[in-house]
Amino acid sequence: MYIKNAENDCQRIADFIRSHLDEIDSIHVTMDMHPFYHIAHPIFWKTADGKEPEVNTLITHADYSSGKYRPADSALNKRVEDYLINLETRGRYVLTIWPPHCLLATAGACVEENLLDAARQWERYKPGRIIDFVTKASNPMTEHYSAIQAEVPDPADPATRINFTLIDKLKNRDIYVAGEALSHCISHTIRDLCVYIPASRITLLTDCTSNVEGFDDIGNHFLVEYKNKGMKTALSTEVTL
């Protein structure tokens, strides 16, 4: 899903990697891999008059209960109702309908070309180093903003549960975070990561991330909250590793 200024963020991330080929110990690239039929895509839902909801529609449990929105497949009614209740109970995001994005087997699921080239340079600089590609969000029945866990983990799908493998790789490290989008995937990944790793170990590269348009308040609130918890922020050009 296109985020305004993302191409500039990617250029600065690539520049950061190329400037620190020797100092960076590991690179972890998180990648959404959505099916087209997904709970956060229009195709999954129908309005009361049988149409797909508009992009950026918010769907609450109250909307479901009133019949304003229902899954297109009525066999999923109970599961979807439980999901919406769980989502609100856990205090996660309200279900948002996004344009279909990061679709499996499409270019939209790939890493931006310049950024990938910089990461490959990092691999070539010291043969034996390997980029860690962390895929997520392939379960059609739950949103999965955070790289650590889905919004509502599916008990039948281990890929939606807490990613302790990634957490263990990041423990006892100084972690530099960049990418899209600050208001959603970045903020939720850091929130979940800080359950296991002190916020003081994390530096957010503020010139290498942007909010989803219309959600700036969420990103700004996150910055204030986690800077107060000890998270550091810096411009990519000012970091000394």
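Biologist: Which cysteine holds the sulfur closest to that of C110?
Modeller: The gap from the C110 sulfur to its closest cysteine sulfur is 9.8 Å, which is too far for a bond. This is a predicted model. A disulfide needs two cysteine sulfur atoms within 2.5 Å. The closest sulfur belongs to C102.

Biologist: Is C110 buried or exposed?
Modeller: Exposed means over 50% relative accessible area. C110 has 54% relative accessibility, so C110 counts as exposed.

Biologist: How far is the sulfur of C208 from the closest cysteine sulfur?
Modeller: The closest cysteine sulfur to that of C208 sits in C10. The two are too far apart for a bond. The distance is 9.1 Å.

Biologist: What is the relative accessible area of C208?
Modeller: Buried means under 20% relative accessible area. C208 falls in that class, because its value is 0%.

Biologist: How many disulfides does the structure hold?
Modeller: A disulfide is a covalent bond between the sulfur atoms of two cysteines. C110 cannot supply one, because its closest cysteine sulfur is too far for a bond. The number of disulfides is zero.

Biologist: Which residues make up the uncovered face of β6?
Modeller: Strand β6 spans residues 132-136. D132, V134 and K136 belong to its covered face. The uncovered face holds F133 and T135.

Biologist: Which residue of β6 stands opposite T30?
Modeller: Strand β1, residues 28-32, runs parallel to β6, and five bridges join the two. V134 is part of the covered face of β6. Opposite T30 stands V134.

Biologist: What is the bridge partner of T203 in β9?
Modeller: β8 and β9 pair in the parallel sense over three bridges. In β9, the partner of T203 is K232.

Biologist: Is V195 buried or exposed?
Modeller: V195 lies in the loop between α6 (182-193) and β8 (202-210). Its relative accessibility is 59%. The cut-off is over 50%, so V195 counts as exposed.

Notes: Residues are numbered from 1 along each chain as its sequence is written. This is a predicted model: local features need pLDDT of at least 70, side-chain atom pairs count only at pLDDT 80 or more; totals for chains, interfaces and linings use all residues. Side-chain values use heavy atoms; hydrogens and water are left out. Helices (H or I, at least four residues) and strands (E, at least two) are DSSP runs, numbered from the N terminus. Buried means under 20% relative accessible area, exposed over 50%, partly exposed in between (1.4 Å probe, protein chains only). Two strands pair if DSSP finds at least two bridges between them.
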